[in-house]
Structures are given as structure tokens and as C-alpha cells.
Amino acid sequence: MTKNKINELFNQKEKLLIPYITAGDPTFKSSLQLLNFLASNKAKAIEIGIPFSDPMADGEIIQRAMNRALGFSISKTFELIEKFRTKHNTPIILMGYFNTFYNYGIKKLAEKMNELDIEAIIIVDLPLEEVDIIFEIFRKHNIHLIPLISPITPIERLEKMKTFFSGFAYLISITGTTGIRNTLPQNIKLRAKIVKEKTGLPTLLGFGVSNPQIIEEFKDEVDGFIIGSALIKSWEEDNFSIGENLKKFWQSMISKVHTY
């Protein structure tokens, strides 16, 4: 069983910035370049999405990334991570849909994640009522199963989550899909407090974290942020290279938190 580095991140007094990328967007080589850039530029962990044909939680920008990467299988994603691991030990959170993981095999998945030091997993479409079928497999392999929590998840469900989930809570900022937003609702501040209290987990804010002002506004209420659509948009603008748009965007976000 591998040591889980996610726990250590929250022992530090720094807000986490976790970027999201889609594996294989648009190629193996370019994905690896993006991973290496982020790991070398103060990303405390990285969320890697496995391409899926019907990404229900994702908005237009990440859907485009998924479409560009369709055919990039879970096995290919593991090859990408294995290559990344030759240079970096940055914690990785795997994100995907249940059908992909079920077809691969849940036990086989957990074993492969251990082999590659992948610390956590987000299964977007796995309902709380069915988590008990698989959570023990991940727990035995010391892998965090991360909950997605919407702005309207009832209190009683939050309390039930303590049984099955660990690592951190992924608080979704709005009822809707991922995407770029200029502002986020103020009620997130109270919601974050409730989520932390009821789940007992550090809480990261995602969906619409698109500019430094949002980080500045909410960083006192949450333990960190997950950044996807706005990052991928800058990746598109630089024609899938480590260009000025990407560098400028990432630096603007990093500048708002305490970094090592």
C-alpha cells in the first residue's frame, strides 16, 4: 500500500490550486508537456480526466477537450501518468465516469492506481446510494474517493458521505456544468462552512473558478480551488503548447495563494 500524499497537502498552511486537464488532449505528447509544466509551476496536485463520449457534468470547453481526446483510453491514460511519474511525484486525482472504471475492473483499477501512485479518484456519475459497493476496495488500497457536492446537496446526505468519502470535498459552485464565469454566488461562503462541518473534510471549490478575483474572494472560506475550463481555454488559445496565454493565466492564479 502506497503512502497517500493528499493528506500531507492539507497539513500545510497554504491554499491548494489543483488544475484539471483531459488526458490525450489533443495528443499524448502535448498532454505530457502540459502535465510537466503544471507540476513544475507550483501545482500542488493535478486532476486528470479520462476522455468520455458523454461528459454530463462538463460544459462546452471541457466537452471540446473530451472530443479532441476521444479514443484515448484508460490504459493510455495510465501510460501517460507512468511517463509523467519518471519526472514528478505530484499527487494525482483521477476523474472519470463509472462505465469506464467498471469496464476496466474496480479492483484492477485500484491496484493500477497504487502502482502509479495515483492518490484519489472522482467518479462523476456514481450516486451515494451505490458507493458502498466499491468504496471498500479503494479504502483497502489507501485511495481517496472524492465526493462531488452540489450547492443543493441536503444536509443528511452530507452527513452520510463521512462513511464513504475521504481526502477532500469537491464543492461545486453552481447548479450546472463546468465553464468560465466572471463571478460566483456569495452563498458559497456559507455553503463551504456547512460542507466542512458536516463532512469533516477539507473543501475545495470548483466549477467556474476562472480568474484571480474569484480566488481572492473565496480563499478564506475554502481550502483550495480546482481550475479546469479557464485553463483549457488558455491551452486552446496557445494552440496546445506552453505559450504566453497559458503561462500568464496560470501565474495570475498562483499569485493569489501562498505557494512553496
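Predicted model: local features only at pLDDT ≥ 70, side-chain atom pairs only at ≥ 80, totals over all residues.

Student: Which residues have the most contacts inside the largest nonpolar core?

Tutor: The largest nonpolar core has 68 residues, and its largest share, 6 residues, comes from α2. Apart from this core lies another of 25 residues, among them Ala65, Tyr97, Phe168 and Ile172. Inside the largest core, the residues with the most contacts are Leu94, Leu109, Ile121 and Phe138.

Student: Leaving aside its neighbours within four places in sequence, which residues is Ile121 in contact with?

Tutor: Ile121 is itself one of the residues with the most contacts inside the largest nonpolar core. Once the neighbours within four places in sequence are left aside, its partners are Ile93, Leu94, Phe101, Leu109, Met113, Phe138, Ile143, His144, Leu145 and Ile146.

Student: Is Asp25 buried or exposed?

Tutor: Asp25 is found in the loop between β1 and α2. Leaving aside neighbours within four places in sequence, Asp25 is in contact with Ser30, Ser31, Ala65, Arg68, Ala69, Ile232, Trp235 and Phe240. Its relative accessible area is 3%, and because a residue under 20% is classed as buried, Asp25 is buried.

Student: Is the peptide bond from Asp25 to Pro26 cis or trans?

Tutor: Pro26, like Asp25, has its place in the loop between β1 and α2. The omega angle of the bond from Asp25 to Pro26 is near -10 degrees, and this peptide bond is cis.

Student: Which elements give two or more residues to the lining of the second largest cavity?

Tutor: By the rule used here, the count comes to 2 cavities of 30 Å³ or more, and about 30 Å³ of space lies in the second largest cavity. The residues lining this cavity are Ile21, Thr22, Asp25, Ser31, Leu34, Ile232 and Trp235, and they divide into 4 nonpolar, 2 polar and 1 charged. The elements that give two or more residues to the lining of the second largest cavity are β1 (16–22), α2 (28–40) and α11 (229–237).

Student: Why is the pair of Trp235 and Phe240 edge-to-face?

Tutor: Trp235 has a relative accessibility of 1% and therefore counts as buried. The ring centres of Trp235 and Phe240 are 6.0 Å apart and the planes stand at 75 degrees; because planes over 60 degrees apart count as edge-to-face, the pair is edge-to-face.

Student: How many residues apart in sequence are the parts that the pair of Tyr170 and Phe207 ties together?

Tutor: The structure holds 8 aromatic pairs, and Tyr170 and Phe207 form one that is edge-to-face, with 6.0 Å centre to centre and 90 degrees between the planes. Both Tyr170 and Phe207 are buried. Tyr170 lies in strand β7 (residues 169–172) and Phe207 in the loop between β8 (203–206) and α10 (212–218), so the parts that this pair ties together are apart in sequence by 37 residues.

Student: Which residues are the closest to the centre of the largest pocket?

Tutor: About 250 Å³ of space lies in the largest pocket, and its lining has 15 nonpolar, 2 polar and 1 charged residues. β4 (120–123), β6 (148–149) and α8 (155–164) each supply at least two residues of that lining. Of the 18 lining residues, the closest to the centre are Leu126, Pro127, Leu128, Leu148 and Met161.

Student: Which elements give two or more residues to the lining of the second largest pocket?

Tutor: The second largest pocket has a volume of about 170 Å³, and 12 residues line it, of which Ser234, Asn245, Lys248, Phe249 and Ser252 lie nearest its centre. By class, these lining residues divide into 4 nonpolar, 5 polar and 3 charged. The elements that give two or more residues to this lining are α11 and α12 (244–254).

Note on methods: Residues numbered from 1 in each chain as written. Heavy atoms only, no water. 1 Å grid on protein atoms, 1.4 Å probe; cavity = no way out; pocket = protein on both sides within 12 Å on 5 of 7 lines; lining within 4 Å. Points joined across faces, edges and corners; volume = space filled by probe spheres on them. Helix = DSSP H or I, 4+ residues; strand = E, 2+ residues; numbered from the N terminus. Nonpolar A, V, L, I, M, F, W, Y, C, P; charged D, E, K, R; others polar. Core = buried A, V, L, I, M, F, W, Y, C linked by side-chain atoms within 4.5 Å. Buried < 20%, exposed > 50% of the residue type's maximum accessible area, 1.4 Å probe, protein only. Contact = heavy atoms within 4.5 Å. Phe/Tyr/Trp six-rings, centres within 6.5 Å; stacked < 30°, edge-to-face > 60°.
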